[in-house]
Amino acid sequence: QVQLVESGGGLVQAGGSLRLSCSASGIIFSPNGMGWYRQAPGKQREWVATITSGGSTNYVDSVKGRFTISRDNAKNTVYLQMNSLKPEDTAVYYCKASGFKSWGQGTQVTVSS
């Protein structure tokens, strides 16, 4: 059973940065694509970024140029570096392994204006 633990969220002013981490267990990490998603209050969960097993990345348009997804297979961890944060980035952020249904508990990111 996949277990995902997100961390690194917090309160930051607009223009600031945060680095989220997601530690995975219960799967063979390196062959799996990993993704970050977020859910703002009153909105549906949306996809933010994906990194493949080979390291290829893809982003939703609203975060391109500001967010960077990366992975460390030795640590079974995927990261999301978030720069130039905006109030509209405020949400609970989740990670997910491709092909698996499990979600972690999420980590709250709040960006003040």
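Buried means under 20% relative accessible area, exposed means over 50%, and partly exposed is in between (1.4 Å probe, protein chains only). Strands are DSSP runs of E with at least two residues, numbered from the N terminus.

Before you start: this is a predicted model, where local features need pLDDT of at least 70, side-chain atom pairs count only at pLDDT 80 or more, and totals for chains, interfaces and linings use all residues. Residues are numbered from 1 along each chain as its sequence is written, and side-chain values use heavy atoms, with hydrogens and water left out.

**Exercise 1. Find out how covered strand 9 is, and which strands it pairs with.**

Step 1: Check the cover. Six of the seven residues in strand 9 are buried, so by the cut-off of under 20% we call this strand mostly covered.

Step 2: Look for partners. Two strands pair if DSSP finds at least two bridges between them. Strand 4 (residues 34-39) is joined to strand 9 by six bridges, and the two run antiparallel. Strand 10 pairs with strand 9 over three bridges, again in the antiparallel sense.

Step 3: Pick out residues. Tyrosine 94 in strand 9 is the bridge partner of tyrosine 37, while valine 92 stands opposite glutamine 108 in strand 10.

**Exercise 2. Work out how Tyr37, Tyr94 and Trp103 form a cluster.**

Step 1: Get the rule. Rings of Phe, Tyr and Trp (its six-membered ring) pair if their centres lie within 6.5 Å; planes under 30 degrees apart count as stacked, over 60 as edge-to-face and the rest as tilted. That rule gives two aromatic pairs.

Step 2: Take tyrosine 37 and tryptophan 103. Their ring centres are 5.1 Å apart and their planes stand at 85°, so this is an edge-to-face pair. It ties together distant parts of the chain: tyrosine 37 is in strand 4, tryptophan 103 is in the loop between strand 9 (91-97) and strand 10 (107-112), and 66 residues separate them.

Step 3: Take tyrosine 94 and tryptophan 103. With centres 6.0 Å apart and planes at 80°, this pair is edge-to-face too.

Step 4: Join them up. Ring pairs link Tyr37, Tyr94 and Trp103 into a cluster.

Step 5: Compare the cover. Tyrosine 94 is buried at 12%, tyrosine 37 is partly exposed at 22%, and tryptophan 103 is partly exposed at 35%.

Step 6: A charge sits over a ring if NZ of Lys or CZ of Arg is within 6 Å of the ring centre and within 35 degrees of the ring normal. Arginine 45 has its charged end over the ring of tyrosine 94, 3.8 Å from the centre, and also over the ring of tryptophan 103, 4.3 Å from the centre.

**Exercise 3. Describe the open sheet with the order 1-3-8-7.**

Step 1: Strand 1 (3-7) and strand 7 (67-72) are the edges, each pairing on one side only.

Step 2: Zoom in on one pair. Strand 1 meets strand 3 (residues 18-25) over five antiparallel bridges, and valine 5 stands opposite serine 23 there.

Notes:
Helix = DSSP H or I, 4+ residues; strand = E, 2+ residues; numbered from the N terminus.
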